Amino acid sequence: MAATPPPVQNRSQHLPQVIVLKPPPSFKFFGDTFSKKFELLKAWESTLPLDQFLAARAQSVQAMLCSGTGPRIAPEILRLLPSLRLVVTTSAGLNHIDLSECRRLGIAVANAGEVFSEDVADMAVGLLIDLLRKVSAADRYVRQGLWVSKGDYPLGSKLGGKQIGIVGLGSIGFLVAKRLEAFGCSILYNSRKKKDFVSYPFYTNICELAAKSDVLIICCGLNEQTQHMINREVLLALGKEGVIINIGRGAIIDEKELVQCLVQGEIGGAGLDVFENEPSVPKELFDLDNVVLSPHLAVFTPESFKALCDLLIGNLEAFFSDKPLLSPVMFE
């Protein structure tokens, strides 16, 4: 009688382990691809409290995948992962990761790099054109039958010739600038330091930049220095004809002051893809025709998700093969 073959070991036992505290929104597009290459320790599926799950299952795990919508990667989480050596995030922004603690513990960080830059720059320009030319507001006007009953809709404003103040001339800000230059706009900017590769006028003072601009576009990251950087003083400097576009992070703008300035007509309008307490959006904005709202969709295209998937897998495979990361975050 033939001997019974030994049971086949679960294939996941041979895959590198990656801890995931909460599934990133993009997981619905590439989660299956990840599961074929890595053993994912899915904390959100466990009935255990997070600290107990990490203590029981993740003491030897060396890599983590996270996103801006999940729990903050703070010291209290990092303490529970003594073997962790890499945090990979699905976003370009890093405000959900305690970078100083990662640096102290010798944990490398990799982000989405420039994968989203073109799509986010496109969204910034799209929001601006929509706002200036009243595209969404005019669409509602037509759908409500008001063109018939009330006549022509009020005129919008020309984009060409506008003074555009860009806050944060990184990869996204630079692509926004190049796109708007093609429309005949003049570019001014504020950034952490002056960029030698551009000739745009540089402003160290945000209020001065706002006062010189018809449009202020927020492209910088969120950190302790930039939180509520766009305050009432900046908004008033932008003025009653000025408009603001935010494709950075919601908390860069003091949202309460923004709402007040819009309701009182102290600025001309806003195009917002991000908000301070997502997914909550101030209800005062819903009835304003000079405001265009988007549910944090600037990075979300099938093409960008495919590129993101390739980059995340590339970073993790490089780490487990002891090779250089593809998009490492350089600690300052």
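**View 1. Phe30 and Phe34 are both buried.** Buried denotes under 20% relative accessible area, with a 1.4 Å probe and protein chains only. The model is predicted, so local features need pLDDT of at least 70 and side-chain atom pairs count only at pLDDT 80 or more, while totals for chains, interfaces and linings use all residues. Residues are numbered from 1 along each chain as its sequence is written, and side-chain values use heavy atoms, without hydrogens and water.

**View 2. Phe30 and Phe34 form a tilted aromatic pair.** Their ring centres lie 5.4 Å apart, with 35° between the planes. Rings of Phe, Tyr and Trp (its six-membered ring) pair if their centres lie within 6.5 Å; planes under 30 degrees apart count as stacked, over 60 as edge-to-face and the rest as tilted. Because the two residues are four apart in helix H1, about one helical turn separates Phe30 from Phe34.

**View 3. A cluster of aromatic residues is linked by ring pairs.** Its members are Phe27, Phe30, Phe34, Phe38, Trp44, Phe319 and Phe320. The structure as a whole holds 12 aromatic pairs.

**View 4. Helix H1 (residues 27-37) packs with helix H12 (residues 302-320).** Helices are DSSP runs (H or I, at least four residues), numbered from the N terminus. The angle is about 20° and the axes are 10 Å apart; axes are lines fitted to C-alpha atoms over the stretch in contact, and angles run from 0 to 180 degrees between N-to-C directions. H1 is therefore roughly parallel to H12, a term for angles under 35 degrees.

Terms used:
Parallel < 35°, antiparallel > 145°, perpendicular 65-115°, else oblique. Buried < 20%, exposed > 50% of the residue type's maximum accessible area, 1.4 Å probe, protein only.
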